[in-house]
Amino acid sequence: MPEEKTMEDLEVRNCVKVLQKGEVLLYPTDTIWGLGCDATCAEAVSRIYRIKNREEDKSFIILADSVEMMEDYVQDVPAVAYDLLQAMESTPLTIIYPKGKNLPANVLGVDGSIAIRIVSNRFCARVISGFGKPIVSTSANISGFPSPLRLGDIAESIFEDVDHVAIVEEHSFGEARPSRIIKLEEDGMFRVVRE
């Protein structure tokens with residue numbers, strides 16, 4: 001007898017199909033509602049810049065489902081990064097690494113850096129795991145406007161421009177806010193960019 005699929009299982013599969021086609025997804029992350037796409041597809045990333053009306057010199061965060069996936073997209077992961085990830089495992093933490101790899105230029109910072117967060121949100125992690133690659137994560141807003149904490153906060157134009165809206169039960173993010181961001185320097189030092 002085939003295993004019964006839950007609504008979440010079906011929606012994870014829908015989101016993975018959207019990502020596989022190089023399309024743009026509106027989805028809940030472990031912090032706020034975000035726009036996402038295949039982080040390895042320059043064309044899809046360019047579409048998100050257009051949807052947000054964002055300058056292309058402002059890079060995006062990408063989301064991974066594990067340390068192993070993160071390691072495939074960072075040139076060198078210093079030991080301090082593993083310490084930070086372990087120390088902050090219950091808090092959404094984005095780390096900016098000095099050099100990214102296996103990613104298009106429009107995902108990287110102008111200096112070649114890459115910002116990555118390993119997600120804790122179950123739905124988001126399942127989508128990334130099913131897709132097998134990291135996805136872009138940027139707040140689902142027009143640049144310069146507030147980040148949406150709930151689906152109802154998102155501008156109508158965003159809904160019109162994405163290819164799929166994740167159908168998930170609206171849940172509480174707790175104290176919804178963007179992740180903490182720490183930037184690692186090439187000399188092994190780090191600084192807090194956003195608390």
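This is a predicted model: local features need pLDDT of at least 70, side-chain atom pairs count only at pLDDT 80 or more; totals for chains, interfaces and linings use all residues.
**Notebook: a pocket, a strand and some salt bridges**

I started with the second largest pocket, which has a volume of about 210 Å³. Residues are numbered from 1 along each chain as its sequence is written, and side-chain values use heavy atoms, with hydrogens and water left out.

**Pocket.** I had to look up the term: on a 1 Å grid over the protein atoms alone, a pocket is an open set of points with protein on both sides within 12 Å along at least five of seven lines, and lining residues have an atom within 4 Å of a point. The volume is the space filled by probe spheres set on the points. I found 14 lining residues, with Leu 85, Met 88, Glu 89, Thr 91 and Ile 118 nearest the centre. They split into 8 nonpolar, 4 polar and 2 charged. Helix α4 (residues 79-87) gives the most to this lining, with 3 residues. Helices here are DSSP runs of H or I with at least four residues, and strands are runs of E with at least two.

**Strand β5.** Next I checked residues 114-118, which make up β5. Is this strand largely enclosed or open? I'd call β5 largely enclosed by the rest of the structure, because 4 of its 5 residues are buried (under 20% relative accessible area; exposed is over 50%, partly exposed in between, with a 1.4 Å probe and protein chains only). Strand β3 (residues 61-64) pairs with β5 in the parallel sense over 4 bridges (pairing takes at least two DSSP bridges). There I saw Ile 61 opposite Ala 115. Strand β4 (residues 93-97) pairs with β5 too, in the antiparallel sense, over 4 bridges, and Tyr 97 stands opposite Ile 114.

**Salt bridges.** I looked up how many the structure holds: 9. One counts when a side-chain nitrogen of Lys or Arg is within 4 Å of a carboxyl oxygen of Asp or Glu. Glu 8 and Arg 126 meet in one, at 2.7 Å, N to O. Glu 8 sits in helix α1 (residues 7-20) and Arg 126 in helix α5 (residues 122-131), so this pair ties together parts 118 residues apart in sequence.

Arg 47 is partly exposed at 23% relative accessibility, and Asp 163 is partly exposed at 36%.

Note on methods. On a 1 Å grid over the protein atoms alone, a cavity is a set of points where a 1.4 Å probe fits but cannot get out, and a pocket is an open set with protein on both sides within 12 Å along at least five of seven lines; lining residues have an atom within 4 Å of a point. Ala, Val, Leu, Ile, Met, Phe, Trp, Tyr, Cys and Pro count as nonpolar, Asp, Glu, Lys and Arg as charged, and the others, Gly among them, as polar.
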